[in-house]
Amino acid sequence: MRIGYGEDTHLLREGRALIIGGVEIPHPMGLLGHSDADVLVHAVMDAILGAAALGDIGTHFSDSDPQYKGISSIKLLTRVSEILSQNGYRIGNIDSTIIAQEPRLSSYIPQMRKNIADALQINTNAVSVKATTPEGTGPEGRLECITARSVVLIETGALWNIGALFAV
(Lines give C-alpha, C1' and ligand atoms only; values in the text may rest on other atoms or scores of the structure.)
Protein backbone atom coordinates (compact mmCIF):
# COMPACT_ATOMS: atom_id res chain seq x y z
CA MET A 1 0.00 0.00 0.00
CA ARG A 2 1.10 3.56 -0.70
CA ILE A 3 -0.27 6.92 0.41
CA GLY A 4 -0.38 10.13 -1.62
CA TYR A 5 -1.23 13.71 -0.73
CA GLY A 6 -2.53 16.40 -3.07
CA GLU A 7 -3.38 20.04 -2.58
CA ASP A 8 -4.63 22.65 -5.01
CA THR A 9 -5.78 26.26 -4.85
CA HIS A 10 -7.46 28.35 -7.55
CA LEU A 11 -8.36 32.03 -7.49
CA LEU A 12 -12.03 33.03 -7.60
CA ARG A 13 -13.02 35.33 -10.48
CA GLU A 14 -16.24 36.71 -11.92
CA GLY A 15 -17.25 35.38 -15.31
CA ARG A 16 -16.09 31.81 -14.67
CA ALA A 17 -18.18 28.73 -13.89
CA LEU A 18 -17.67 27.29 -10.41
CA ILE A 19 -17.01 23.58 -10.90
CA ILE A 20 -16.01 21.46 -7.91
CA GLY A 21 -15.95 17.68 -8.01
CA GLY A 22 -17.40 17.76 -11.50
CA VAL A 23 -20.48 19.66 -10.27
CA GLU A 24 -21.34 23.12 -11.61
CA ILE A 25 -22.41 25.17 -8.60
CA PRO A 26 -24.43 28.38 -9.00
CA HIS A 27 -22.24 31.24 -7.73
CA PRO A 28 -21.30 34.71 -9.00
CA MET A 29 -17.63 33.70 -9.13
CA GLY A 30 -15.81 30.66 -10.47
CA LEU A 31 -12.30 29.29 -10.31
CA LEU A 32 -9.58 30.60 -12.60
CA GLY A 33 -7.45 28.09 -14.47
CA HIS A 34 -6.40 26.63 -17.82
CA SER A 35 -8.84 23.70 -17.56
CA ASP A 36 -12.19 23.97 -15.77
CA ALA A 37 -10.09 24.67 -12.62
CA ASP A 38 -11.81 21.96 -10.56
CA VAL A 39 -9.75 22.37 -7.40
CA LEU A 40 -11.07 19.18 -5.76
CA VAL A 41 -10.39 16.90 -8.72
CA HIS A 42 -6.93 18.45 -9.16
CA ALA A 43 -6.05 17.66 -5.53
CA VAL A 44 -7.31 14.08 -5.97
CA MET A 45 -5.28 13.62 -9.19
CA ASP A 46 -2.10 14.92 -7.55
CA ALA A 47 -2.62 12.61 -4.56
CA ILE A 48 -3.08 9.59 -6.83
CA LEU A 49 -0.08 10.40 -9.01
CA GLY A 50 2.04 11.17 -5.96
CA ALA A 51 1.17 7.89 -4.26
CA ALA A 52 2.39 6.01 -7.32
CA ALA A 53 5.44 8.31 -7.74
CA LEU A 54 4.22 9.21 -11.24
CA GLY A 55 4.69 12.98 -11.08
CA ASP A 56 1.85 15.46 -10.86
CA ILE A 57 -0.94 16.81 -13.03
CA GLY A 58 1.38 19.37 -14.60
CA THR A 59 3.64 16.54 -15.76
CA HIS A 60 0.77 14.78 -17.52
CA PHE A 61 -1.50 17.70 -18.49
CA SER A 62 0.56 20.85 -19.05
CA ASP A 63 -1.28 24.15 -18.65
CA SER A 64 0.58 25.40 -21.72
CA ASP A 65 -0.94 22.67 -23.92
CA PRO A 66 -3.96 24.02 -25.84
CA GLN A 67 -5.67 20.59 -25.88
CA TYR A 68 -6.36 21.01 -22.14
CA LYS A 69 -7.82 24.53 -22.41
CA GLY A 70 -11.22 24.43 -20.70
CA ILE A 71 -11.20 20.62 -20.45
CA SER A 72 -13.28 18.86 -17.82
CA SER A 73 -11.06 17.77 -14.94
CA ILE A 74 -13.24 14.68 -14.59
CA LYS A 75 -11.98 13.63 -18.05
CA LEU A 76 -8.41 14.13 -16.84
CA LEU A 77 -9.18 12.09 -13.70
CA THR A 78 -10.35 9.23 -15.92
CA ARG A 79 -6.99 9.39 -17.69
CA VAL A 80 -5.16 9.37 -14.32
CA SER A 81 -7.13 6.24 -13.41
CA GLU A 82 -5.88 4.59 -16.61
CA ILE A 83 -2.28 5.62 -15.86
CA LEU A 84 -2.58 4.22 -12.34
CA SER A 85 -3.92 0.90 -13.62
CA GLN A 86 -1.21 0.65 -16.30
CA ASN A 87 1.36 0.94 -13.51
CA GLY A 88 -0.16 -1.90 -11.48
CA TYR A 89 -2.05 0.07 -8.83
CA ARG A 90 -5.66 0.55 -7.82
CA ILE A 91 -7.40 2.97 -5.46
CA GLY A 92 -8.05 1.83 -1.89
CA ASN A 93 -9.80 4.99 -0.70
CA ILE A 94 -9.79 8.78 -1.00
CA ASP A 95 -10.37 11.40 1.69
CA SER A 96 -10.69 15.03 0.61
CA THR A 97 -11.50 18.40 2.16
CA ILE A 98 -12.59 21.58 0.39
CA ILE A 99 -11.81 24.87 2.13
CA ALA A 100 -14.23 27.63 1.04
CA GLN A 101 -15.98 30.47 2.80
CA GLU A 102 -18.81 30.20 0.29
CA PRO A 103 -20.87 28.78 -1.27
CA ARG A 104 -22.23 26.14 1.07
CA LEU A 105 -21.30 22.81 -0.50
CA SER A 106 -23.01 20.13 1.60
CA SER A 107 -25.90 19.53 -0.82
CA TYR A 108 -23.43 19.01 -3.72
CA ILE A 109 -21.11 16.56 -1.97
CA PRO A 110 -23.01 13.34 -2.81
CA GLN A 111 -22.77 14.16 -6.54
CA MET A 112 -19.08 15.10 -6.20
CA ARG A 113 -18.38 11.73 -4.58
CA LYS A 114 -20.26 9.92 -7.34
CA ASN A 115 -18.48 11.83 -10.12
CA ILE A 116 -15.05 11.04 -8.67
CA ALA A 117 -15.93 7.39 -8.02
CA ASP A 118 -17.34 6.95 -11.54
CA ALA A 119 -14.24 8.49 -13.16
CA LEU A 120 -12.01 6.15 -11.15
CA GLN A 121 -14.32 3.13 -11.55
CA ILE A 122 -14.48 2.58 -7.79
CA ASN A 123 -17.28 2.35 -5.25
CA THR A 124 -18.66 5.67 -3.99
CA ASN A 125 -18.09 4.38 -0.44
CA ALA A 126 -14.33 4.62 -1.13
CA VAL A 127 -14.59 8.39 -1.74
CA SER A 128 -14.96 10.88 1.10
CA VAL A 129 -15.46 14.58 0.42
CA LYS A 130 -15.85 17.11 3.21
CA ALA A 131 -16.16 20.89 3.18
CA THR A 132 -15.13 23.40 5.80
CA THR A 133 -15.15 27.17 6.09
CA PRO A 134 -12.08 29.08 7.25
CA GLU A 135 -14.32 31.28 9.44
CA GLY A 136 -13.44 34.40 7.46
CA THR A 137 -9.68 33.91 7.79
CA GLY A 138 -7.01 33.69 5.13
CA PRO A 139 -7.46 34.04 1.37
CA GLU A 140 -10.30 31.48 1.32
CA GLY A 141 -12.11 33.45 4.02
CA ARG A 142 -11.70 36.68 2.04
CA LEU A 143 -13.26 34.95 -1.03
CA GLU A 144 -9.99 35.21 -2.98
CA CYS A 145 -9.70 31.48 -3.65
CA ILE A 146 -10.83 27.95 -2.85
CA THR A 147 -8.44 25.21 -1.71
CA ALA A 148 -8.80 21.44 -1.66
CA ARG A 149 -6.65 18.77 -0.01
CA SER A 150 -6.77 15.05 -0.63
CA VAL A 151 -5.19 11.89 0.74
CA VAL A 152 -5.30 8.66 -1.28
CA LEU A 153 -4.42 5.08 -0.45
CA ILE A 154 -3.42 2.93 -3.41
CA GLU A 155 -2.69 -0.79 -3.50
CA THR A 156 -0.41 -2.79 -5.76
CA GLY A 157 -1.74 -5.56 -7.98
CA ALA A 158 0.12 -8.14 -5.89
CA LEU A 159 -1.98 -7.18 -2.88
CA TRP A 160 -5.33 -7.75 -4.66
CA ASN A 161 -4.09 -11.06 -6.03
CA ILE A 162 -3.21 -12.28 -2.51
CA GLY A 163 -6.66 -11.21 -1.31
CA ALA A 164 -8.30 -13.21 -4.11
CA LEU A 165 -6.46 -16.36 -2.98
CA PHE A 166 -8.15 -16.18 0.41
CA ALA A 167 -11.63 -15.17 -0.81
CA VAL A 168 -14.39 -17.56 0.13
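## Glycine 136 and its surroundings

Apart from neighbours within four places in sequence, glycine 136 is in contact (heavy atoms within 4.5 Å) with Gln101 and Gly141. The C-alpha atoms of glycine 136 and glutamine 101 are separated by 6.6 Å, although the two residues are 35 residues apart along the chain. Glycine 136 is placed in the loop between β6 (127-132) and α5 (138-141), where helices are DSSP runs of H or I with at least four residues and strands are runs of E with at least two, numbered from the N terminus. Because its relative accessibility is 41%, glycine 136 counts as partly exposed; buried means under 20% relative accessible area, exposed over 50%, and partly exposed in between, with a 1.4 Å probe and protein chains only.

## Basis of the model

The model is predicted: local features need pLDDT of at least 70 and side-chain atom pairs count only at pLDDT 80 or more, whereas totals for chains, interfaces and linings use all residues. Residues are numbered from 1 along each chain as its sequence is written, and side-chain values use heavy atoms, with hydrogens and water left out.

## Helix α3

In α3, the buried residues are Ser73, Ile74, Leu76, Leu77, Val80, Ser81, Ile83 and Leu84. Seen down the axis of α3, these buried residues fall within an arc of 165 degrees (taken from the directions from the helix axis to the C-beta atoms), so they line one face of the helix. They pack against α1 (39-51), α2 (57-60), β5 (89-99), α4 (109-120) and β7 (145-156), while Lys75 and Gln86, on the other side of α3, are exposed.
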